[in-house]
Amino acid sequence: MTRPRQFDLICFDWDGTLFDSTAIIVRSIQQAVLDVGGAKPTDKAAAYVIGMALIPALAHAAPDVPKEKYPLLGERYRHHYLARQHDISLFDGVLPMLADLKSRHHWLTVATGKSRRGLDDVLASRQLHGIFDGSRTADETAGKPHPRMLHELMREFGAEPERTLMIGDTTHDLQMAVNAGCASVGVSYGAHAPGEFHALGPRFIAHSAGELHRWLADNA
């Protein structure tokens, strides 16, 4: 270490932040809603719910679908997403960034709206074993923007809020950081328009994984 470290714990959102999956999630939501007889959500409406727990996200995106169809709606979403998941990959530059942060001995974690099974599957398929020190998923804790994911990760590693950084592509991620008393960084290449981030006070807004890497190298 050639400089003092500002953040001990760095927590990443997954979809739209590390993983280039926004477009496929949007299409999967839209097709699932149509499958159960609902009105097709707009691209903006479907993208807005990315990062939330699955059933609340689908309910928000499809307000005309009755509650008794929510299990089928979730099933149809998973069907369409799983059919496409091998067509998506990590953003360019993500692996070198994670390796660099790991070499500087930050704790690296994931806080995601994915299910535990979904996150474990994609981590295994992308050969990221050993990179992340911990993770939380929406089905085993509380969905964003509730701060429980971050609170649990901070307790697990003994990290203070002022030494914890949340990085994400949605207002849900940045609001979760606010709710947990942590700093945040937004990325503009995911689900939400970066103009919506400013009110939530991120330290920085990165427009590529490479730009995020450079900022973290200088500031984390």
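Leaving aside its neighbours within four places in sequence, with which residues is Arg-136 in contact? In this predicted model, the residues that Arg-136 touches are Val-110, Ala-111, Thr-112, Arg-116, Thr-141, Met-149, Glu-152, Leu-153 and Glu-156. Arg-136 itself is found in strand β3, and with a relative accessible area of 16% it is buried, because residues under 20% are counted in that class. The side chain of Arg-136 is also joined to the side chain of Glu-156 by a polar contact of 3.0 Å.

Just after α7, Gly-158 takes a positive phi of about 65 degrees.

The packing of helices was examined next. Two packed helices are described by the angle between their axes and the distance between the axes. For α7 and α8, the axes come within 8 Å and cross at roughly 55 degrees, which means that α7 is oblique to α8. The crossing in which α7 passes α8 is right-handed. On the α7 side the contact involves Met-149, Leu-150, His-151 and Met-154, and on the α8 side it involves Met-176, Ala-177, Asn-179 and Ala-180; by class, these residues divide into 6 nonpolar and 2 polar, with no charged residue.

Helix α1 (residues 22-35) and helix α4 (residues 70-84) pack with their axes 8 Å apart and at an angle of about 140 degrees, and α1 is therefore oblique to α4. The crossing of this pair is right-handed. From α1, the residues Ile-24, Ile-25, Ser-28, Ile-29, Gln-31, Ala-32, Val-33 and Asp-35 meet Leu-73, Arg-76, Tyr-77, His-80, Tyr-81 and Arg-84 of α4, a set that comprises 8 nonpolar, 3 polar and 3 charged residues. His-80, whose place is in helix α4, is buried, with a relative accessible area of 10%. Apart from its neighbours within four places in sequence, His-80 is in contact with Ser-28, Gln-31, Ala-32 and Asp-35, residues that are listed for α1 in the contact of the two helices.

In a further pair, the axes of helix α5 (residues 94-103) and helix α9 (residues 209-219) come within 9 Å and cross at roughly 15 degrees; because angles under 35 degrees count as roughly parallel, α5 and α9 are assigned to that class. The contact between them is made by Val-94, Pro-96, Met-97, Asp-100 and Leu-101 of α5 and by Ala-209, Leu-212, His-213, Leu-216 and Ala-217 of α9. Its residues comprise 8 nonpolar, 1 polar and 1 charged, and α5 passes α9 in a left-handed crossing.

In the loop between α5 and β2 lies His-105. Most residues other than glycine have a negative phi, and most peptide bonds are trans. His-105, although it is not a glycine, has a positive phi of about 70 degrees, and with a relative accessible area of 58% it is exposed.

Gly-186 counts as buried, at 0% relative accessibility. When its neighbours within four places in sequence are set aside, the contacts of Gly-186 are with Gly-168, Leu-174, Phe-197, Pro-202, Phe-204, Ile-205 and Ala-206. Between Gly-186 and His-151 there is a separation of 35 residues in sequence and of 19 Å in space, taken from C-alpha to C-alpha; His-151 is one of the α7 residues that meet α8.

Terms used
Residues are numbered from 1 along each chain as its sequence is written. This is a predicted model: local features need pLDDT of at least 70, side-chain atom pairs count only at pLDDT 80 or more; totals for chains, interfaces and linings use all residues. Side-chain values use heavy atoms; hydrogens and water are left out. Axes are lines fitted to C-alpha atoms, for helices over the stretch in contact, and angles run from 0 to 180 degrees between N-to-C directions. Helices (H or I, at least four residues) and strands (E, at least two) are DSSP runs, numbered from the N terminus. Angles under 35 degrees count as roughly parallel, over 145 as roughly antiparallel, 65 to 115 as roughly perpendicular and the rest as oblique. A crossing is left-handed if the near helix is turned anticlockwise from the far one by less than a right angle, and right-handed if clockwise. Contact means heavy atoms within 4.5 Å. Ala, Val, Leu, Ile, Met, Phe, Trp, Tyr, Cys and Pro count as nonpolar, Asp, Glu, Lys and Arg as charged, and the others, Gly among them, as polar. Buried means under 20% relative accessible area, exposed over 50%, partly exposed in between (1.4 Å probe, protein chains only). A polar contact is a pair of N or O atoms within 3.5 Å; within protein, one must be able to donate a hydrogen and the other to accept it, and residues adjacent in sequence count only if both atoms are side-chain atoms.
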